[in-house]
Amino acid sequence: MNSLGKSLCRFWHSSIGKKIVVALTGAMLILFLLGHVVGNLLVFAGREAMNDYAEFLLHMMHGTGIWVARIGLLVALVLHIVATVSLVRQNRAARDVDYSCKETVQASKSSRIMIWSGLTVLAFVIFHILHFTVRVDSGLANLHDPANPDRHDTFGMVVAGFQNPLVVLFYIVGISLLCSHLSHGIASVFQTLGWRSKKVAGPEKKLGWAIAILLWLGFLSIPVATMMGCLGDPPKIHAAVEEPAKAE
Amino acid sequence: MSSNGSLDSAIPPGPLAEKWTNYQAKAKLINPANKRKFNIIVIGSGLAGGSAAATLSELGYNVKCFCYQDSPRRAHSIAAQGGINAAKNYQNDGDSVWRLFYDTIKGGDFRSREANVHRLAEVSTNIIDQCVAQGVPFAREYGGLLANRSFGGAQVSRTFYAAGQTGQQLLIGCYQALEKEIKKGGVTMYPRTEMLDLVKVDGHAKGIVVRDLTTGEVSSHAADCVIMATGGYGNVFYLSTNAMGCNVMAAFRAHKRGAYFANPCYTQIHPTCIPVSGDYQSKLTLMSESLRNDGRIWVPKSKETAAKIREGKLSGNDVPDEERDYYLERKYPSFGNLAPRDISSRSAKEACDEGRGVASTGLGVFLDFRDAIARLGEDTIRSRYGNLFQMYEKISGDNPYKSPMMIYPAVHYTMGGLWVDYNLQSNLKGLHVLGEANFSDHGANRLGASALMQGLADGYFVIPSTLPSYLAEVTPGSVTTDAPEFAQAEAEVNERIEKLMSINGTRTVDSFHRELGLLVWDKCGMARSEEGLKEALEKIPAIREAFWSDVRIPGKADGLNMELEKAGRVADFIDFAELMCHDALDRAESCGGHFRVEHQFTPEDEAVQSGFTNDGEAKRHDDDFCYVAAWGYKGPGEKPDLHKEELDFESVELSVRSYK
Amino acid sequence: MNLTLKVWRQESPNDKGNIETYEAKDIPAEASFLEMLDIVNEEIIVAGGDPIHFDHDCREGICGACSLTINGVPHSKENGITTCQVHMRKFRDGDTIWIEPFRARAFPIVKDLVTDRASFDRIIASGGYISVRTGSAVDANSLPVNFEDASESFNAAACIGCGACVAACKNASAMLFVGAKAAHLNLLPQGEPEKDKRVLGMVRQMDAEGFGNCTNQYECEAVCPKEISTDVIAKLNRDYATAATREAVE
C-alpha cells in the first residue's frame with residue numbers, strides 16, 4: 001500500500017501523470033455534457049416530458065443517484081482545475097525570458113486560450129448552478145407544475161429564467177467558450193491518453209469539433225428559442241422578484 | 001630526404017587471415033579488478049572516439065572524454081549519409097571477408113597495410129550485429145531482414161544504410177551507449193572543451209592540456225594513456241564537406257610533440273557535392289555517393305552546348321541523348337557510374353577543364369535521374385533518396401525530380417593521419433589514434449561506406465583488444481598533473497593564447513583561412529605538380545607571417561570566444577598545409593587521391609595500348625614509393641623528417657588499378 | 001540585398017541581455033542565413049566590435065547545433081529545415097529580421113545566441129538507450145523487424161536533438177524530443193525489455209530539468225527540421241501510463 005501510495009504520488013507529480021488526470025476528468029465532464037444536452041433538449045418535447053425527466057433525475061436510486069453524480073462531477077471538476085492550474089504554472093516557469101518576437105505556426109486560437117476559456121467557463125458554471133440548480137432566485141424555486149402541483153415546474157423555470165437578455169447573453173458567451181475549450185480538449189483527450197496513432201490520426205480533431213458544435217447548438221437552442229417565444233409565455237412568478245439580472 | 005629505416009608496424013606473425021585471431025588469443029589482458037585503476041583520456045566523441053569511450057568504460061576503465069561540440073551527439077560522423085560496409089554476404093552475391101579486404105586494398109591503390117585492412121574486413125560483420133542490437137534503424141526489406149545497397153568500388157551489395165542518414169543513426173547509437181556509461185559514472189564527459197596540447201612524460205603520452213570553451217579556463221588532465229579520435233584535416237582547404245569546427249589541432253599538437261604524421265597528401269575529393277556558387281560560401285554540401293546507384297553522370301559532348309547551358313539558354317533536359325557524354329559509363333564500362341571516388345572526381349575535373357562543365361562557374365557536371373525515374377517511378381526514387389533530393393532543392397533552388405542535379409567534386413575525407421602500428425599506437429608510446437585521425441586502413445583512397453566501418457571497428461573492437469598491450473606495461477596512476485611537464489605545457493598554451501589575443505591586427509581569421517584554402521586547393525587539390533607544390537611551399541610561410549602579425553581577434557580569452565577558437569585552428573592549418581605540400585612533393589607518383597600530373601598513363605604506355613587502362617589515369621611507381629611516408633616534426637617552417645614504413649604485400653599482387 | 005537585423009546580445013549567462021540592431025548590407029541571395037551572419041560578423045570584427053556568437057557546425061542540417069529563432073519561429077517559417085539550411089533567397093530586400101536564441105529555462109544562454117542544451121544529454125542518459133555490451137550481440141538478421149515498425153522507428157530516430165521543439169512550444173516542453181527517442185527504441189524488439197524503465201527514467205529527468213508540459217498544440221511538429229510527428233507524443237503518453245501502472249502494481 002505504501003509503495004502504491006508512493007507510485008500514485010509520483011504519477012501525480014509527473015507532467016504526463018497530471019495531464020492524464022486532466023484528460024480523464026475532462027472526458028468525464030464531456031460525457032456529462034452529452035447527457036446533459038440530450039436531457040435539456042426534452043424542453044422541446046413540452047412541459048410534461050421535461051418535468052418527468054427532472055423528477056426522474058431527482059429520484060433515481062431512491063434519490064442517491066443524483067448525489068453520486070453530483071459528487072463525482074464535483075471531484076472531476078476540482079481535479080481538472082487543480083491539475084491544469086498547476087500545469088500552467090509549471091509551463092509559465094519553463095520559459096523565464098520571453099521572445100521579443102514570437103509567431104505561432106499552427107496552434108489553434110482555442111488551444112492558446114484554454115486556461116482563460118476554462119476559468120470563464122468555471123464562472124459560468126457557478127452562475128448556472130446558482131441559477132438553475134440551487135435556484136437562489138426564490139421566484140424560480142417556487143414554481144409548481146400546473147398538472148402536478150406537488151412537483152417543481154422545471155420547464156417553467158427554464159422559460160422564466162431565459163427572459164432576461166443579459167442572462168441569455170452570458171449563456172451564449174459561456175457556452176461558446178465551453179465549446180471552444182472542447183474543440184481543443186476533446187482531441188487532446190485522445191492524444192494525452194495515447195489513443196492516437198498514425199492509423200487513426202485526423203478523426204479525433206474532427207470529432208472534437210463535431211461534439212463542440214453539436215453541444216453549442218444543443219445548449220444554445222434553448223435560451224434562443226425561449227427568447228424568440230417558441231416555448232410559450234413564462235409562468236407567473238409568485239414571489240414577484242423579477243430581478244434575475246442581480247445574479248450577474 | 002632523410003630516412004631512418006622502416007618503422008616497426010608490430011604486425012603479428014602468421015597467415016594474413018589468422019593474424020587477428022591469433023593476436024587476440026595471445027593478447028595481454030588486464031585483470032577486471034585492476035581496470036578501474038586505469039585512467040584513459042579519449043579526445044573526440046564521433047564514431048571512433050564515442051565507441052571507444054563507451055566500450056572501455058563498459059570494460060571497467062575510467063574514461064574522460066573530450067569534445068569541442070556542445071554535445072557528443074554532434075560529432076561530424078553524424079553527417080555521413082550513404083552507408084556502412086560489412087562482409088555479411090546477406091545478399092548471397094559472392095561477398096566475403098576476403099573480397100571486402102581485396103576491394104579495400106585495391107580501392108586504396110595498394111598503399112595501405114594489409115594486416116590492418118584484413119582485420120577491418122573481419123570485424124565489419126560484428127559492427128552490424130552490435131549496431132542492430134543497439135537499435136540502429138537500418139533499412140529493411142518487407143520480410144523484416146536487413147537491406148543492402150551497392151557502393152562505389154565494389155561489385156557486390158554489402159552496404160547497410162538508414163536512408164541518407166546512416167552516419168547519424170550509427171553515431172546516435174554510439175552516443176546513447178556513451179550517455180549510458182556517463183550516467184553510470186564510467187565516463188566523465190567534457191563537452192565544449194578543446195585539446196590544445198599533448199603532454200609527454202618520460203617519452204610517453206600521459207595527458208593533455210585543454211581549454212574550456214565556455215569559461216576560457218585552461219587546465220590539465222593526466223591519464224595512463226591518451227586516445228585521439230579527432231577526425232580528419234579536410235578543412236585545411238577552407239571549403240570542404242567537413243563541419244565548420246573540424247580541425248587538425250589535436251593531431252598537429254601531437255605531431256609537434258613527436259608523433260609522426262603519415263601520408264598527409266592523401267586527401268579524398270568526393271565526386272558528388274553541390275557546386276560552389278560564390279566567394280561568401282562557408283562550406284560545401286555533399287550528396288551521398290549512393291545517388292550514383294541510380295543517377296547517371298554526364299556532360300554535353302560539345303563545348304558549345306555546355307556554354308549554352310552555362311548561360312542559361314539551354315537546360316539539361318533539352319540535350320538529346322546522342323549529344324550527351326556519359327563519360328564514366330564510357331570510360332569504365334564495368335563499374336560505370338560506380339567508379340571509385342578519386343577516379344570519378346578526376347573525370348569530372350577533366351570534363352570541366354575541357355570546357356564542358358555545366359554550372360554557371362563552369363565547374364559542374366550533371367547527375368541525371370531521368371532514366372531511373374522512367375524505369376522505377378518517382379515514388380521509388382523518392383523512397384531511396386527523398387531526403388537527399390530535398391536537401392539539394394533547399395540549397396540550389398532546383399527540383400531534381402524534374403531537371404538533372406549539378407554536382408562537382410569537393411574535399412571530403414583525408415586518408416592520411418597520425419602514424420599508428422597494428423595496435424593503433426603512434427610511435428609516441430601511450431598515444432593511440434583511431435578513425436579518420438589515423439592513416440592506416442584506406443591507403444591512398446577510401447571506398448564509399450568504409451569510413452563509418454573503420455571508425456566503429458577501431459572504437460568498438462580493435463582498441464579494447466589492443467590497448468592492454470600498452471597498459472600492461474605501465475603502473476596505473478603513476479603520472480599526475482603534478483608532473484612538471486604539465487605546468488610547462490600549460491604555460492606554453494597560455495602564452496600562445498596571449499600572443500594571439502595581443503596581435504590586434506586588421507584581418508579576420510576567416511580571411512586567412514580562405515587565402516590558405518584557395519592556395520592548397522589550387523596547388524595541392526585534385527591535381528598536383530612539382531612546380532605548383534614548390535610555389536605553395538614558398539607562399540605558405542608568407543601567409544603564416546601575415547597571420548601572426550595581422551590577425552584580429554576581438555573580445556577576451558576568459559569566456560566564449562569563437563574567433564579565438566578559430567584562430568588557434570587556422571594557425572595549425574597553416575603549419576599543416578606546409579607538411580601536406582612537402583609530402584605531396586616528395587611522393588613523385590600518382591596514387592588514389594594523390595594525382596601528380598607528371599605521373600599519369602600516356603598513349604605510349606603498354607597498359608593503355610593493351611586496353612587495360614586509359615590514357616590520363618594515375619600511374620604508381622611501386623618500386624620507389626611502396627611505403628608509408630611518416631613525417632617527424634623538425635620545428636616551425638623546417639622541412640619535416642621522413643620515416644618510411646615499407647609496405648609488404650604478401651597476399652595480394654600489386655597491379656594497375658583498373659575499373660574498366 | 002540589404003536587411004535590418006534585430007539580434008539578441010547577451011555577454012554571459014548572468015547578463016541581462018537585450019536586442020540590438022545591425023544593418024546587413026549587400027547580401028547575395030544565394031548565401032545561406034548563417035553565411036549572411038558570417039558577413040555581418042566580418043564587418044563587426046573589422047570595425048572593432050565583438051561578433052555575434054551563434055552555434056553551428058555541420059551546416060548541412062544534420063548535427064543539430066544551429067539554433068536560431070528567426071522572426072519568432074525556430075529555424076524560420078520554412079518547413080523541415082534547420083537554421084543552416086535557410087537561404088537568403090527567401091527574404092526580400094529591406095526586410096527586418098528578428099534573431100533570438102532558442103528560449104527555455106532548461107536551455108540557459110551561454111552567450112548571445114548560444115545556449116546550453118546539456119539537459120537533452122541528461123535525458124538520454126536517463127534511459128534513451130538499449131543496454132548491449134559490445135561484442136555480445138547476436139547476428140543482425142536473427143531478429144527480423146516488421147517493415148512498418150522499422151519505418152516508424154526510423155522516422156522517430158531522425159531527431160537531431162536541436163531543441164527547436166522546445167523553443168517553439170509555448171510551454172518549452174520537450175515532449176517531442178523525449179517521445180521521438182522513446183518511440184525509436186520502444187518500437188523495436190531490441191528495445192522491448194527496457195521499455196518501462198526507459199520511459200519512466202526519461203520522463204522523470206525531463207520534468208527535473210524544468211521543461212514544461214505538452215498542451216497538444218503541435219507547434220513542435222511544425223518547426224521540427226526532421227518533421228517528426230506528434231504521434232510519438234501520443235505513444236509516449238501511452239507508454240508512460242502503462243509503465244507507471246505496472247510500477248504501481250508491482
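1. In helix α2 of chain A, the residues A:S15, A:I16, A:G17, A:K18, A:K19, A:I20, A:V21, A:V22, A:A23, A:T25 and A:G26 are buried, where buried means that 20 or more other C-beta atoms, placed from the backbone, lie within 10 Å of a residue's own. The model is predicted, so that local features need pLDDT of at least 70 and side-chain atom pairs count only at pLDDT 80 or more, while totals for chains, interfaces and linings use all residues. Residues are numbered from 1 along each chain as its sequence is written, and chains are lettered from A and ligands numbered from 1 in the order in which they are written.

2. Helix α2(A) covers residues 15–40, 26 residues in total, and reaches 37 Å from its first C-alpha to its last, close to the 38 Å expected at 1.5 Å a residue; the expected span is 1.5 Å times one less than the number of residues. Helices (H or I, at least four residues) and strands (E, at least two) are DSSP runs, numbered from the N terminus.

3. The buried residues of α2(A) pack against α1 (2–13), α4 (65–93) and α9 (165–192) of chain A, and also against α6 (195–208) and α8 (231–249) of chain C; contact here requires C-beta atoms, placed from the backbone, to lie within 7 Å.

4. The contact between these two chains takes 39 residues from chain A and 38 residues from chain C. On the side of chain C that touches chain A, α8(C) gives the most, with 11 residues.

5. In chain B, five strands form an open sheet in the order β11-β15-β14-β12-β13, with antiparallel pairing; two strands pair if DSSP finds at least two bridges between them. The edge strands, each pairing on one side only, are β11 (267–273) and β13 (324–325) of chain B. Five bridges join β11(B) to the antiparallel strand β15(B), residues 405–414, and B:C273 stands opposite B:Y408 in β15(B).

6. B:M244 lies in the loop between β9 (225–228) and α7 (249–256) of chain B, and this residue counts as buried because it has 21 C-beta neighbours inside 10 Å. Leaving aside residues up to four places away in sequence, B:M244 touches B:S282, B:K283, C:H56, C:D57 and C:R59. B:M244 and B:K566 are 322 residues apart in sequence, and their C-alpha atoms are 9.4 Å apart in space.

Terms used. Buried ≥ 20, exposed ≤ 12 C-beta atoms within 10 Å, placed from the backbone.
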